[in-house]
Amino acid sequence: AMHSRLLGAIILFLPLWCTACRDSQVATYRIPKEHDPAAPAPAAAPAGMAGLAVATTDAGGLEWTAPTAWPAKPAAAMRKGSYTVGGEGDLAITAFPGDVGGDLANVNRWRGQLGLAPITEADLPAAFTSVTANGLTMKVVDLTGGGQRMLGAIVPQAGATWFFKLTGPEAVVAKEKPAYLEFLQTVRAAPVSAAVAAAPVPPPAAPAPNMANTPVIKADGPGLKWTAPALWQEKPATAMRKATYVLPGLGSASSELAITAFPGDVGGELANVNRWRGQLQLSPLTAAELPAAVTHVTANGLPVILVDLTGSGPAGSPMRLLGAIVPANGATWFFKLTGPADLVAAQKPAFLAFLQTLSAP
């Protein structure tokens, strides 16, 4: 009996001993190599927004994010950005060096486009709503006239002025106003790329390397002095012209700047603007319509009256005229840039910069 109990104990203990033996063995495992986590996907644009656009002037750039519901239009010579809004509305984004005549002139230019009378300097503060976004200060106007409505934002940035102008049927613009105001909140200064930031500062250039011709030309009174871009080809003077420049375009196309001067006021501002309008097959303006059609700026103490006209040339092709009337010392000077509409549009910033070089010696 004792032998039977001993044999049973051995049989009972054997499986437990074998299990302990197995547990005491060293197990080796191959651990898969950990891969670097994948870079996170770029953050999606805000809901309903798409299309980061970066545009620049010579002084600096802005960027923005437009709603996906606003189809972008093909780039145009005068526009930094262009969108169709609400099917029938048009958002035009433009930028020019300087203040482009100042807030009052710009607001009155927009008012004139809607058939509204100009306002005075005293009326200007009430016409604006101030908006801030990403460190930028914007002045927004809301204008309605002739069944059309316009929302316009004026944004000074790094020595330039940007314009965000939404126009269209009154009902369309009214519906899109919340989206437009939300869009303005995405506008910000474009960051400087690392490559640009790290680039060495070039040494000072030689005096005026990109400019040429500093003529002093007289009418009956003291003359005027200016500096023209070197890319503008000067033509020989004629009996009627003080100077002529050919401005380059695409291929053989070009536009022309004619400079003339006459004693007195040559009939006055209205007569001279209507003379230019007639050259483009445009109907004359009345005295009441004149203030909205011109922009007043100064250049080195000289008053400059600017007009920007688009019409038809002799062959019926689209033509544009940028004109400056400059009264100086008992004479009137005329700076008239004319040519195909797209070429003149491309040269407008250079023309405005050229006018800022005018001075009376």
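**Exercise 1. Find which residues Gln157 touches, leaving out those up to four places away in sequence.**

Step 1. Apply the contact cut-off: heavy atoms within 4.5 Å.
Step 2. Leave out residues up to four places away in sequence; Gln157 then touches Gly61, Leu62, Leu136, Trp162 and Ala189.
Step 3. Gln157 lies in strand E7, residues 148-157. Strands (E, at least two residues) and helices (H or I, at least four) are DSSP runs, numbered from the N terminus.

A note on the model: it is predicted, so local features need pLDDT of at least 70 and side-chain atom pairs count only at pLDDT 80 or more, while totals for chains, interfaces and linings use all residues. Residues are numbered from 1 along each chain as its sequence is written, and side-chain values use heavy atoms, with hydrogens and water left out.

**Exercise 2. Decide whether Gln157 is buried or exposed.**

Step 1. Recall the classes: buried is under 20% relative accessible area, exposed is over 50%, and partly exposed is in between (1.4 Å probe, protein chains only).
Step 2. Read the value for Gln157: 15%.
Step 3. Gln157 is therefore buried.
Step 4. Of its 361 residues, 39% are buried.

**Exercise 3. Describe the largest pocket by volume and lining.**

Step 1. Define the pocket. On a 1 Å grid over the protein atoms alone, a pocket is an open set of points where a 1.4 Å probe fits, with protein on both sides within 12 Å along at least five of seven lines; lining residues have an atom within 4 Å of a point.
Step 2. Take the volume, the space filled by probe spheres set on the points. The largest pocket holds about 1400 Å³.
Step 3. Look at the lining. It has 50 residues, and Arg109, Gln113, Asp308, Arg320 and Lys348 lie nearest the centre.
Step 4. Find the top contributor. Helix H8 gives the most, with eight residues.
Step 5. Sort by class: 29 nonpolar, twelve polar and nine charged. Here Ala, Val, Leu, Ile, Met, Phe, Trp, Tyr, Cys and Pro count as nonpolar, Asp, Glu, Lys and Arg as charged, and the others, Gly among them, as polar.

**Exercise 4. Do the task again for the second largest pocket.**

Step 1. Its volume is about 230 Å³.
Step 2. Its lining includes Met240, Arg241, Glu256 and Trp276.
Step 3. Strand E16 gives the most to this lining, with four residues.
Step 4. By class, the lining has five nonpolar, three polar and four charged residues.
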